[in-house]
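I opened the model to look up its fold, its surface and its aromatic side chains. My notes follow in the order of looking.

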Amino acid sequence: QVQLVESGGGLVQAGGSLRLSCAVSARTFSFSLYVMGWFRQAPGKEREFVATISRSGGTIYKDSVKGRFTISRDNAKSAVYLQMNNLKSEDTAVYYCAADRGIATMRDADYRYWGQGTQVTVSS
């Protein structure tokens, strides 16, 4: 069974930074073969794409987070990270990491495995 566990969320003031982590555990999960993504869902809104990183390290970002967020992966640790700088109140949401064997896309339907989420709250 594949488990994705997010951590690093919390309460931060606008302009501050947080680093989210997502650790993947599974007996037969070859992390390097998976595309990893971050999504978020704010209260009353649909889940939306934030960033994704391909097997080779290529990245795609939501326009509103470009230049502020950085996604990275550590295949040796089976982990993916989201460094979030200059946070804004509109970044407040539950952040989810996701994994799939396919290509890196911005569609949540394309990701098979999901974590439980970590809350990020940005106060203005």
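In what order do the elements of the chain run from the N terminus on? I read them off as β-β-β-β-β-β-β-β-β-β-β. The model is a predicted one. My tally is 11 strands and 0 helices. I then looked up the radius of gyration, which is 13 Å; the globule rule gives 14 Å for 124 residues, so the chain is as compact as a globular protein of that length.

Overall figures came next. Along the principal axes, the C-alpha atoms fill a box of roughly 45 × 25 × 25 Å. I noted that 43% of the 124 residues are buried. Of the contacts with a separation of 6 or more, 58% are between residues 24 or more positions apart.

Last, I went through the aromatic rings and found 5 aromatic pairs. F39 and Y111 are edge-to-face, at 5.2 Å centre to centre and 75 degrees between the planes. F39 is in strand 4 and Y111 in the loop between strand 9 and strand 10, so this pair ties together parts 72 residues apart in sequence. I found both F39 and Y111 buried.

W114 lies in strand 10, 75 residues from F39.

Is W114 buried or partly exposed? Its relative accessibility is 22%, and I logged W114 as partly exposed. For F39 the relative accessible area is 1%. I recorded F39, F49, Y111 and W114 as one aromatic cluster.

How values were computed. Residues are numbered from 1 along each chain as its sequence is written. This is a predicted model: local features need pLDDT of at least 70, side-chain atom pairs count only at pLDDT 80 or more; totals for chains, interfaces and linings use all residues. Side-chain values use heavy atoms; hydrogens and water are left out. Helices (H or I, at least four residues) and strands (E, at least two) are DSSP runs, numbered from the N terminus. The radius of gyration is taken over C-alpha atoms; the globule rule is 2.2 Å times the number of residues to the power 0.38. Buried means under 20% relative accessible area, exposed over 50%, partly exposed in between (1.4 Å probe, protein chains only). Contact means heavy atoms within 4.5 Å. Rings of Phe, Tyr and Trp (its six-membered ring) pair if their centres lie within 6.5 Å; planes under 30 degrees apart count as stacked, over 60 as edge-to-face and the rest as tilted.
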